[in-house]
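I opened my notebook to keep track of what I look up in this model.

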Amino acid sequence: MSKNHFLLAFLCSFCFTLNASADYIDGQRAYASGDYGAAILEWTQVAQDGNARAQYNLGWMHANGRGTAQDYKQAIKWYTKSAEQGNFNAQYNLGNLYYSGRGAEQNNKLAFSWFMKAAEQGDAPAQYNIGKMYIIGICSHFKHGAPCPGALRGFLVTKKCIYFR
């Protein structure tokens with residue numbers, strides 16, 4: 001590849017990055033001004049291109065009915081895309097949706113799994129929920145709603161997370 005072709009390719013990719021960043025920032029500005037519909041439009045463009053922050057924001061907008069009707073199924077869709085990229089806020093919110101059965105059938109195993117992913121990144125509310133699930137006798141290793149053996153026998157602190165055993 002010639003030097004000119006390489007330079008052209010670099011400049012095109014740089015312009016695309018700036019445009020995607022501008023769309024995200026435009027979404028933030030629209031949200032801050034109360035124009036939630038415009039924020040959704042801006043964030044949808046970059047979320048479809050894989051921006052985890054925009055995906056999380058869309059999940060939150062759908063879960064809370066900002067700029068759109070409240071739709072937990074859409075919230076799960078966008079939170080999942082963001083959570084799979086490691087966004088611990090999306091992981092925590094997915095855990096809550098599965099734990100409460102909003103947008104999908106109530107599923108303690110999925111809730112526990114998403115809480116654990118967020119907890120391992122140091123998210124204190126997710127750590128709390130993991131502990132709570134053990135205390136009330138629900139964990140990922142057993143059938144839906146079945147008790148965990150050894151619950152309340154103590155705890156082990158690992159990876160900045162409390163695991164009750």
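Here are my entries, starting with the ground rules.

**Ground rules.** I'm working on a predicted model, where local features need pLDDT of at least 70, side-chain atom pairs count only at pLDDT 80 or more, and totals for chains, interfaces and linings use all residues. Residues are numbered from 1 along each chain as its sequence is written, and side-chain values use heavy atoms, with hydrogens and water left out.

**Overall layout.** I found seven helices and two strands in the chain. Both kinds are DSSP runs, numbered from the N terminus: helices are H or I with at least four residues, strands are E with at least two. Reading from the N terminus, I get α-α-α-α-α-α-α-β-β. Of the 165 residues in the chain, 35% are buried. (Buried is under 20% relative accessible area, exposed is over 50%, and partly exposed is in between, with a 1.4 Å probe and protein chains only.) I also looked up contacts, meaning heavy atoms within 4.5 Å. Among those between residues at least 6 apart in sequence, 40% join residues at least 24 apart.

**H5 against H6.** Helix H5 covers residues 88–100 and helix H6 covers 108–119; their axes are 8 Å apart and the packing angle is about 160°. Axes are lines fitted to C-alpha atoms, for helices over the stretch in contact, and angles between N-to-C directions run from 0 to 180 degrees. H5 and H6 are therefore roughly antiparallel. (Under 35 degrees is roughly parallel, over 145 roughly antiparallel, 65 to 115 roughly perpendicular, and the rest oblique.) On the H5 side, the residues that meet H6 include Phe88, Leu94 and Tyr98, and on the H6 side Leu110, Trp114 and Phe115 are among them. By class, I note ten nonpolar, four polar and one charged residues in this contact. Nonpolar here is Ala, Val, Leu, Ile, Met, Phe, Trp, Tyr, Cys and Pro; charged is Asp, Glu, Lys and Arg; the others, Gly among them, are polar.

**H5 against H7.** The axes of H5 and H7 come within 10 Å and cross at roughly 35°. H5 brings Tyr92, Asn96 and Tyr99, while H7 brings Pro125, Ala126, Asn129, Lys132 and Met133. That contact splits into five nonpolar, two polar and one charged.

**The core.** Which residues have the most contacts inside the largest nonpolar core? I wrote down Tyr79, Leu94, Tyr98, Phe112, Phe115, Ile130 and Met133, out of 22 residues in that core. (A nonpolar core is a set of buried Ala, Val, Leu, Ile, Met, Phe, Trp, Tyr and Cys residues joined through side-chain atoms within 4.5 Å.) H3 (52–64), H4 (72–83), H5, H6 and H7 (124–135) each supply at least two of its residues. H6 gives the largest share, seven residues. A second, separate core has eleven residues, including Tyr24, Ala30, Leu58 and Met61.

**Two single residues.** Is Gln55 buried or exposed? Gln55 counts as buried, at 4% relative accessibility, and its place is in helix H3. Leaving out residues up to four places away in sequence, Gln55 touches Trp78, Tyr79 and Gln85, among others.

Arg102 sits in the loop between H5 and H6. Its relative accessible area is 34%, so Arg102 is partly exposed. Apart from neighbours within four places in sequence, Arg102 is in contact with Tyr72, Ile76, Asn96 and Leu97. From Arg102 to Ala75 I noted 27 residues in sequence and 9.7 Å in space, C-alpha to C-alpha.
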